[in-house]
Amino acid sequence: METTLQGVGVSHGVAIGEVRHMGTAVLEPPAKQIAPGDTAREQGRARQAVEAVAADLNARGQLAGGEAQAVLEAQSLMALDPELMADIERRVAVGSTAERAAYDAFASYRALLAGAGDYLAGRVADLDDVRNRIVARLLGVPMPGVPDSDEPYVLIARDLAPADTALLDPALVLGFVTEEGGPTSHSAILARALGVPAVVALPGAGELSEGTVIAVDGSSGQVFVEPSAERRAALTEAAAERKAALAASSGPGATSDGHKVPLLANVGGPADVPAAVAAGAEGVGLFRTEFLFLDDSATAPSQEQQVEAYRQVLTAFPGGRVVVRVLDAGADKPLDFLTPADEPNPALGVRGLRSLLDHPEVLRTQLRALTAAAAGLPVHLEVMAPMVADRQDAKAFADACRAAGLAAKFGAMVEIPSAALRARSILREVEFLSLGTNDLAQYTFAADRQVGAVARLQDPWQPALLDLVALAAEAAKAEGKSCGVCGEAAADPLLACVLTGLGVTSLSMGAASIPYVRATLAKYTLAQCERAAAAARATDSADEARRAVQGVLSGE
């Protein structure tokens, strides 16, 4: 008998197939004692396992490329944390086996992370994955991860570690469902990049029996267990219609009455460029430059290294707009040479522009590298600062851009509520705004983007978040300047219409979402988008906002 479960849809499309469960965590190693003479051997085993896992994560990142590479390299740095290794060696020195010492050391670090505030607590799943891989290697058992199967299936997991999501084979994994996570978690972002239908934050997902047939609707967040023939036919027909609409849609982004809305791509580096070009991106709305700095957390890359990497992206969009975010370090992306250690809550500490202003030589080198990379290219380079809180921040960044001789427009990201509330003041110092809705939601609702329990507050349809978007867009219009959205909100086709109605001037998203957004925008006039935006803001919840917009755009 068909039953329906409701989660959070994070990646468009429909998947129908049998359930396969992610490999479970490694069993707890026995608490054996080693002979004193075995200490050096066990410590050597532990070091070898840690180094092998770190190397494997790096290799997976290089294979995956783009955003996945940055995430996996951050996990590799977790594995190589010198304090963790020292703790493992201390435990071996007092008699633990290598595997038990690793298990206990990670458990201790896990407890610290879980108690360090919601932002860092959300990284526990990544840490657990690193632990499981190290312990599995020491025990000589298979690594936890994606199940082996010759037939396509729908993957079920409590949560998906980035190392698993990054290398999913879309030919075998029809879609995935997780109990944890949220719409802006690492797994959700990577699922959209892969074009794999996905639903997260689904209570009871782990209780679905192996081999059960389910249908996953990555747009609505619904999961149908043992779907009827009628349900399968309806979902398949809807998917076919959507595919046909995507195929018929091409060219620049615009509403049906010709109001232009440039559709740009979010990229993490050169590896993401081919997909963006293939999707018809009109440029880049968010070039995350962290990937280059995460290769080595101890030192910053040279100006020459940066020029080479940036130029690869800039050359791919002749005549287009490429918006580069300068290094956004701190919180879950710590760098030894830049970010302070032992902050009680790094998400609310010295991160983003704050770190760069404390280390002006790092910012100066990056700005000079960007200027050199764009020299002689027919590209419209724009550079923006992350985590701008007020006009003082904006002025400091603008001054740094001028001092470095930056031959480009410079702007500010709106990720902190204060920046939205005082957007007009900030725009007196910079030339454009870009709304990072992922962090803006996180700080507006005090809701960590990695924690499934607060996923409803990370929903970009929340009316309070739309109010802040409207404030920023209205301020930009008053100043005669642009205001784009580069958060994952732009990847929702219906919400893209709302953002357009709020006055947002461009939308940037993962490449896989561009055709969906282009096709949906082309169905409605600007006036319809404006009515939809007003209807959404008049509600009191994300669900009410969705329903109100669906009603307006369907003519009800």
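Modeller: Val383 stands opposite Phe410 in β13, and this pair belongs to the contact between β12 and strand β13 (residues 409-414), two strands that run parallel and are joined by four bridges. Strands pair here if DSSP finds at least two bridges between them, while the strands themselves (E, at least two residues) and the helices (H or I, at least four residues) are DSSP runs numbered from the N terminus. This is a predicted model, in which local features need pLDDT of at least 70 and side-chain atom pairs count only at pLDDT 80 or more, whereas totals for chains, interfaces and linings use all residues. Residues are numbered from 1 along each chain as its sequence is written, and side-chain values use heavy atoms, with hydrogens and water left out.

Strand β11 (residues 321-325) is also a parallel partner of β12, joined to it by five bridges, and there Arg325 stands opposite Met384 in β12. Strand β12 (residues 380-385) is mostly covered, since five of its six residues are buried, where buried means under 20% relative accessible area, exposed over 50% and partly exposed in between, with a 1.4 Å probe and protein chains only.

Together with helix α15 (residues 391-403), β12 and β13 make a right-handed β-α-β unit; right-handed means that, with the strands pointing away from the viewer, the path from the first strand over the helix to the second runs clockwise.

Elsewhere, an open sheet of eight strands with mixed pairing has the order β1-β8-β7-β3-β4-β5-β6-β2. In that sheet β1 (3-6) and β2 (8-11) stand at the edges, each with a single partner strand, so one side of each has no neighbour in the sheet.
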